[in-house]
Structures are given as C-alpha cells and as structure tokens.
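Let me put the structure up and then walk you through a few spots.

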Amino acid sequence: MNKNSVKSSETEQTVPIKATHQLCHQLQLNPAHLRVEAQSPFRFKAPHHFIQQIKNQAPDDPLLLQILPQTVENEIIEGFKADPVGDLAANPVPSLIHKYHGRALLMTSPRCDIHCRYCFRRHFPYQQINQNHWQQAIQQIEQDTSLGEIILSGGDPLTLAEGQLIKLIQRLEAIDHLTTLRIHSRTPIVKPQAFDQLLAHCAQSRLQKVLVVHCNHPNELTSKSAQQMQAFRQAGFTLLNQSVLLKGVNDSVETLQSLSQALFQQGILPYYLHQLDRVTGAAHFEVSTHRAQAVMTQLRALLPGYLVPKLVQEIAGEPNKTPL
Ligand SMILES: *Cc1c(COP(=O)(O)O)cnc(C)c1O
Ligand code: SF4
C-alpha cells in the first residue's frame, strides 16, 4: 500500500447523508429557517468528509450553500437554460464531447460523489452513458489524429471502480497520437480515498498526466485532501484547480486569496475561475461580470501571478473558454 494513500478507516462513515432533514439535524440548523427544497429532482447528495467541514449552526456556511437544495432553485429566471453551454449539440457520439482543438472530453461516469447546486450538468441526460458508448467514443478518438489529449470527465470519473478506469486508460495509451491524459474530478477534494491501483498504473504510463480538481473554498481542503494530492503528485500528475465563482461562497477577494494560497500548500495551482454557467436553478449564485472583474483586479494586486486563476466563461459555439 502506498504510504500516502488515505487509510480506509473512513469507510464506515462514508454513507452519504441522503435526507436534507438529517443534514439540518446534524448541523443543528432549523430547516424551517432555511427554505429547504426536499423534493428537488436533482437530489441532495454529499459525502461525510465534505459535510464534516461545515460549521454547526451556520446557515450561511460556504460549503453548506453549495449542497443544500433551496426553494429559490425553482424560480424561473430569464436567460437561464437546461443546457447553457451547448454540450448536447457538441456530441459526435454519446459520451464524447469534442468542442475544442486537440482535446476532447469523455464523459466517463454518470455519477458524482456530491451534487453541487450550481452544476451546469444538473439537467444532463446522463443515462446515455454506458460502456457501449465508450467503445464508440474510442473508435472516434482512434480515427481523429488531431486529438492529443483526452479529458476524463463526468459526472466524476473517479466514482468508477479503479479496474474499469485502468482498462479505459490502457485503451487510450494504445492510441499513438494521444500524448496526454487529463482527469477532471471533485472526488479527491470532497471524498479523499485510496486510489493505489490506479496511481500505480498511471505512474508507469507513457502519457503525460494532469489532474484538475474542483475546489471552491479553502475550507474544502483538509489534511486528507493533502495526502491525496501528494499521492497523485508522486504518480506523476500535474495538479491544477478549477473553481466556480459563486455568490455567498467565494465572491470576495479575501476568500479567493486564501483559496489560492491553501491550494498551493497542497501542491495545486489555480487554473480557471469560471463565471457561472446560466443553468436553470442556479441564478441565485450568479456574480455580475463587472463585479467578477473588479475582484480579479484586486486579486492580481495581492498574489504572485502563478496563484491567480484565469477568469473565464464558457460561451456556446466559441473555440475555447472565453477570458473575461
Ligand atoms: C472545458 C472543456 C475542455 C478543456 O478546456 P481547456 O481550456 O483545455 O481546459 C475541453 N472540452 C470541453 C468540452 C470543455 O468543456
Ligand atoms: S462534482 Fe462537478 S459534475 Fe458533479 S455535480 Fe459537482 S460540479 Fe457537477
């Protein structure tokens, strides 16, 4: 066993707390004061590790706001749509999204360990994804020599069994024109766990490896996530982070500054700070572009350049994420 892997003593505790009332009870919150939406079709889900980082009796906790379904999600707001980034239109085969030059995104798993209320895929028809579609996607990748990099995304790819992921990575390694494997995952932050087999495989892979985690607030980072990051680093991964700019969660200079510094403490460089995708149900998280730019100006004055994320927006039909 890798000495940096996270011990499995956590397993008894990792049963997700499904019901919102249980969550409120555990955090000593009165659901009547919170406008909880217990019936949301995008159901509540969060791992124990993440919930442990939420403060008790704090209805405005920045981690709680990311996971608690609220009635405000039901409001119909003009300009907010089910598929704001045009992913459905960009699928050549189900599960492969090829929008940008040289890299394509493979929807590897239909599941996530956490349901983030602002997620742009909250209405995505994930049932499409299964292993037959991988077969088709891999054929497409084999034929398209313009592709150098495959991004395993989701859902969350690290919710799959390690054996399945290793098989998939072996298929990609066999495609000569691929140079880079990228994994986009929130799992190492919200539910750190041992990935010994996967990392042992990746350590000897011929592909360059990048892990882009997703962390929005410094309170999400723990000693367990630090161990997890060290294990990925030792297996040869470059570590980057993407965040979403979220009102009430991380839309202050102080929070973003400490987020960048806390990430760097764990060996992770900030990559993207995304302007919210305008997905139905997430309007209450939106920060205006004007304010986002003002925060970025202040952030640049406080941090070394390598700790300043790029503020970007995904605009359907554009050839890259658009810098703001
Ligand atoms: C964001 C995204 C990528 C990766 O873009 P980078 O700028 O390389 O990080 C690739 N494909 C799709 C479909 C994306 O949404
Ligand atoms: S982990 Fe990522 S894909 Fe999953 S719900 Fe959160 S933002 Fe969406």
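This is a predicted model: local features need pLDDT of at least 70, side-chain atom pairs count only at pLDDT 80 or more; totals for chains, interfaces and linings use all residues.

Tyr-306 sits in the loop between α10 (289–302) and β8 (310–313), and with a relative accessible area of 48% Tyr-306 is partly exposed.

Now, ligand 1. The residues around ligand 1 include Ile-97, Lys-99, Tyr-100, Arg-103, Tyr-271, Glu-314 and Lys-321. For polar pairs, a side-chain atom of Tyr-271 lies 2.6 Å from an oxygen atom of the ligand. For Lys-321, a side-chain N or O atom is 2.9 Å from a ligand oxygen, and for Glu-314 that kind of distance is 3.3 Å. On its own, ligand 1 has 390 Å² of accessible area, and the protein covers 93% of that.

Glu-314 also has a salt bridge to Lys-99, 2.6 Å from N to O. Glu-314 is in the loop between β8 and β9 (322–323) and Lys-99 is in strand β1, so this pair ties together parts that are 215 residues apart in sequence. Glu-314 counts as buried at 13% relative accessibility, while Lys-99, at 25%, counts as partly exposed.

Salt bridges in general, then: the structure holds nine. Glu-73, Arg-117 and Arg-122 are linked in a network of them. Glu-73 meets Arg-117 at 2.9 Å and Arg-122 at 3.0 Å. And are these residues buried or exposed? Glu-73 is buried at 5% relative accessibility, Arg-117 is buried at 0%, and Arg-122 is buried too.

Definitions and conventions: Residues are numbered from 1 along each chain as its sequence is written. Chains are lettered from A and ligands numbered from 1 in the order in which they are written. Side-chain values use heavy atoms; hydrogens and water are left out. Helices (H or I, at least four residues) and strands (E, at least two) are DSSP runs, numbered from the N terminus. Buried means under 20% relative accessible area, exposed over 50%, partly exposed in between (1.4 Å probe, protein chains only). A residue is near a molecule or strand if one of its heavy atoms lies within 4 Å of it. A polar contact is a pair of N or O atoms within 3.5 Å; within protein, one must be able to donate a hydrogen and the other to accept it, and residues adjacent in sequence count only if both atoms are side-chain atoms. Accessible areas come from the Shrake-Rupley method with a 1.4 Å probe; for residues, only the protein chains shown count as cover. A salt bridge is a side-chain nitrogen of Lys or Arg within 4 Å of a carboxyl oxygen of Asp or Glu.
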